[in-house]
Structure formats: C-alpha cells, structure tokens
Amino acid sequence: MKVGIIMGSVSDYEVMSGAEQMLSAFGVEFEKRVISAHRTPDLMTEYGRSARERGIGVIIAGAGGAAHLAGVAAALTTLPVIAVPMQTKSLGGLDSLLSMVQMPTGIPVATVAIGGAKNAAILAVEILALQDDSLREKLEKYRKEQADKIINTII
Ligand code: RP5
C-alpha cells in the first residue's frame, strides 16, 4: 500500500517535502498532489472517493488557514487521514491547527504539530507496518539510531 500526500497549495510543498523525504527513507511508495478543498472541490471528491481503490493506505494532508483539506478527505474515505497544519503569516499556524484538530465525532483526523510533516510520515509508516514486518523492523532500527545518537553524545 502507498501513502497519498496532498496539500492545499504548492506553497505548502516546502514543508510537505519533509513527509516525502521520510517516506523515501523508509522505502514507502507515495503519490503527491496539490488539491484544494475550497478551490478544487470536485477534484477533492474524486481523490477521496477513489483513494482506496488506487492502492492508498494512508492519506497525509497539509493545509493552512481555513485548513479543511484533511477533514474533507476524511469525510470522503474510511482510510486513516493525518493532518499537517501549516504555519501561517497572520496567525502563526494556530488557525490551521485548530481547524484541523476540531473534527466532529465520527470523522476523525490524526493531527500532528504545526509543520510536522516528517512525523506525519512516520505515523503513516507505523500504520502500514501493522501489516508489514519488514517495515516494522525499519521503524525499530530508526528508533535505535535515534537513541544511540543521544547516548553517544559527548558534551
Ligand atoms: C491553504 O491556504 C493552503 O493550504 C495554503 O497553506 C494557504 C495559502 O495558499 P496560497 O494562497 O499560497 O495558494 O489553502
């Protein structure tokens, strides 16, 4: 299964490329698209409705401001959706965060930190690893490397 990375604007790509890099490091296949819940509602619907049959297992959605992308994606599919709130000039990203995290009961979205595209990717890998032992081993190796870096730090 692959991961679907979507973002509301090409201006989100710099942050969302972090998810791409992390998925590549784990050898997880992904596709990426710019789709706006507001500017391209028909494309949004088509994407959400067809995601599962196109082999997507998890969706990562990055958006800013009135950040409805992840919530609308979650409304269109029962695949897990992970939201990445974008930092914004006007409100620092708190707008994006609150917009994404306050989903109504029944349509959940897992929201990571503002700009947390890399963690979104790791969470997606953890979900896919539930049914993939080689991916689970890669996650364990990654955790060990992180710990070793700290343990071996001399100051
Ligand atoms: C959101 O509005 C996008 O996700 C982006 O974070 C923000 C600004 O979009 P642009 O005006 O840069 O296209 O929909």
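Which residues are around the ligand? This tour of a predicted model leads to them by way of the whole chain.

**The whole chain.** Please begin by displaying the chain as a cartoon. Six helices and five strands can be found in it. Followed from the N terminus, the elements run β-α-β-α-β-α-β-α-β-α-α. Next, show the C-alpha trace, which spans about 50 × 40 × 30 Å along its principal axes. The chain has a radius of gyration of 16 Å, which agrees with a compact globule, because a globule of 155 residues would have a value near 15 Å.

The largest pocket is where the ligand sits.

**The surrounding shell.** Select Gly8, Ser9, Ser11, Asp12, Arg39, Ala63 and Gly64; these are the residues around the ligand. By class, this shell divides into one nonpolar, four polar and two charged residues.

**Polar side chains at the ligand.**

- Ser9: an N or O atom of the side chain is 2.7 Å from an oxygen atom of the ligand.
- Asp12: here a polar side-chain atom and an oxygen atom of the ligand lie 2.6 Å apart.
- Arg39: a polar atom of this side chain lies 2.8 Å from an oxygen atom of the ligand.

Finally, return to the ligand as a whole. Taken alone, the ligand exposes 360 Å², and the protein buries 64% of that area.

Methods
Residues numbered from 1 in each chain as written. Predicted model: local features only at pLDDT ≥ 70, side-chain atom pairs only at ≥ 80, totals over all residues. Heavy atoms only, no water. Near = heavy atom within 4 Å. Polar contact = N/O pair within 3.5 Å; in protein donor to acceptor, adjacent residues only side chain to side chain. Areas by Shrake-Rupley, 256 points an atom, 1.4 Å probe, with all protein chains shown as cover. 1 Å grid on protein atoms, 1.4 Å probe; cavity = no way out; pocket = protein on both sides within 12 Å on 5 of 7 lines; lining within 4 Å. Sits in = over half its atoms within 2 Å of the grid points. Nonpolar A, V, L, I, M, F, W, Y, C, P; charged D, E, K, R; others polar. Helix = DSSP H or I, 4+ residues; strand = E, 2+ residues; numbered from the N terminus. Rg over C-alpha atoms; globule rule 2.2 N^0.38 Å.
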